[in-house]
Amino acid sequence: MVTQRGRPLSSRDRPVVTIGNFDGLHHGHRAVIDQARHKADQVGAPLAALLFDPHPRAFFSPQQAPFLLTDIEHRCTLLRDAGVDSVLIAPFNKDFARVPAETFVNDFLAQRLGTQAVVVGADFRFGHRAAGDGAALQEWGRAKGIDVELVAKAREDMGKEDDGGEVFASRRIRAALREGRPGQAARALGRVWTIRARVVRGEQRGRTLGYPTANLPWPKDIVMPAFGVYAVQVTLPDGTLREGVASFGVRPMFPAPPAAEVYLFDFTGNLYDQMLIVHWHTYLREEQRFEDIDALKSQMAQDVHAARAALETPFAREDG
């Protein structure tokens, strides 16, 4: 059953539909969304984005390492902020994976949604064994009265496909994060990369060291950036944006599963069980083991100083 976020939608709305995973909603995705929004405005129809959950890649290869840039709820929020009226989430399972491409157009897009136009990337593939492509979508769409627009891949200069430059791609953003280059990821995303995570009660070692931290188990299925220490900003549940420093990794002195510990500057308050949004600005240093607690405390003080400075000139360390 397809679930919806945003404006309720029915076949009577004759929506314009864009289809994809939109993981991260980077500049390439935004080019498709912008053209779809323009099309919807032209024909006076609502714009719907169709997503699949779980991500097809995770469905077909569940053993692979976590790779998502954004969880499904975060993607819904980003899409609505980008101008999408309704987000449709289709469960990707064995039955859906076996649907022939033409059946998807006829039964789902035409009959169920009453789609009047579809806007997708030029490399869009769909249906059983990804047998459908843009040309087939245009052919089958014409037979059902659906106008289909294909958007050329956007590149780093935001020109068209033959203008040179690297194509915006989620895989390149994941690689940048794994290499400790959040600034490079931010330039492709058009914003600082963020994760959402809920604070749990830890062992309160940071408090005894003079740096109380919010302990955040790493979200399931989200890509892991390079282990180390980062300058971050954190959006609190009330919408307040605070600055801080975060350590992500396995904590060599106190081994544990990968998690983030965030120290917020000049903050007092109880954040247990609260959902935080962490903005990963600048990679400061690698994770390391210290000889003793005093050495750890000394390094934490240096990290706080370095993070404050880095947040004044984001990404300077990478650009330099």
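Tutor: What follows is a set of questions about terms, each answered by setting a value against a definition.

Tutor: This is a predicted model, in which local features need pLDDT of at least 70, side-chain atom pairs count only at pLDDT 80 or more, and totals for chains, interfaces and linings use all residues. Residues are numbered from 1 along each chain as its sequence is written, and side-chain values use heavy atoms, with hydrogens and water left out.

Student: What makes α8 largely enclosed by the rest of the structure?

Tutor: Buried means under 20% relative accessible area, with exposed over 50% and partly exposed in between, for a 1.4 Å probe and protein chains only. In α8, 6 of the 8 residues are buried, so α8 counts as largely enclosed. The buried ones are Pro182, Gly183, Ala185, Ala186, Ala188 and Leu189. After α8 comes Gly190, with a positive phi near 85°.

Student: Why are α7 and α8 called roughly antiparallel?

Tutor: Axes are lines fitted to C-alpha atoms, for helices over the stretch in contact, and angles run from 0 to 180 degrees between N-to-C directions. Angles under 35 degrees count as roughly parallel, over 145 as roughly antiparallel, 65 to 115 as roughly perpendicular and the rest as oblique. α7 and α8 pack at about 160°, with their axes 7 Å apart. They are therefore roughly antiparallel. Their contact, meaning heavy atoms within 4.5 Å, is made by Ile173, Ala176 and Leu177 of α7 with Pro182, Gln184, Ala185, Ala188 and Leu189 of α8.

Student: Which hand does the crossing of α7 and α8 have?

Tutor: The crossing of α7 and α8 is left-handed. That term applies if the near helix is turned anticlockwise from the far one by less than a right angle; clockwise is right-handed. The crossing of α5 and α6 is right-handed.

Student: What angle do α5 and α6 make, and what is it called?

Tutor: The axes of α5 (residues 101–112) and α6 (residues 134–143) come within 10 Å and cross at roughly 40°. That makes α5 oblique to α6. Ala101, Glu102, Val105 and Leu109 in α5 meet Leu137, Trp140 and Gly141 in α6.

Student: What makes a group of residues a nonpolar core?

Tutor: A nonpolar core is a set of buried Ala, Val, Leu, Ile, Met, Phe, Trp, Tyr and Cys residues joined through side-chain atoms within 4.5 Å. The largest one here has 35 residues, and Trp193 and Trp280 have the most contacts inside it. β12 gives the most to this core, with 4 residues. A second, separate core of 27 residues includes Ala101, Phe104, Ala136 and Leu137.

Student: How do you know that β7 and β12 pair?

Tutor: Two strands pair if DSSP finds at least two bridges between them. β7 and β12 have 5 bridges, in the antiparallel sense, and Ala197 stands opposite Leu276. They belong to an open sheet of 6 strands in the order β7-β12-β9-β10-β11-β8, with antiparallel pairing.

Student: Why do β7 and β8 stand at the edges?

Tutor: Each has a single partner strand, so one side of each is left without a neighbour in the sheet. Neighbouring strands of this sheet are turned by 35° against each other on average, direction ignored. Helix α10 (residues 293–312) lies across β9, β10, β11 and β12, at about 105° to β12.

Methods:
Helices (H or I, at least four residues) and strands (E, at least two) are DSSP runs, numbered from the N terminus.
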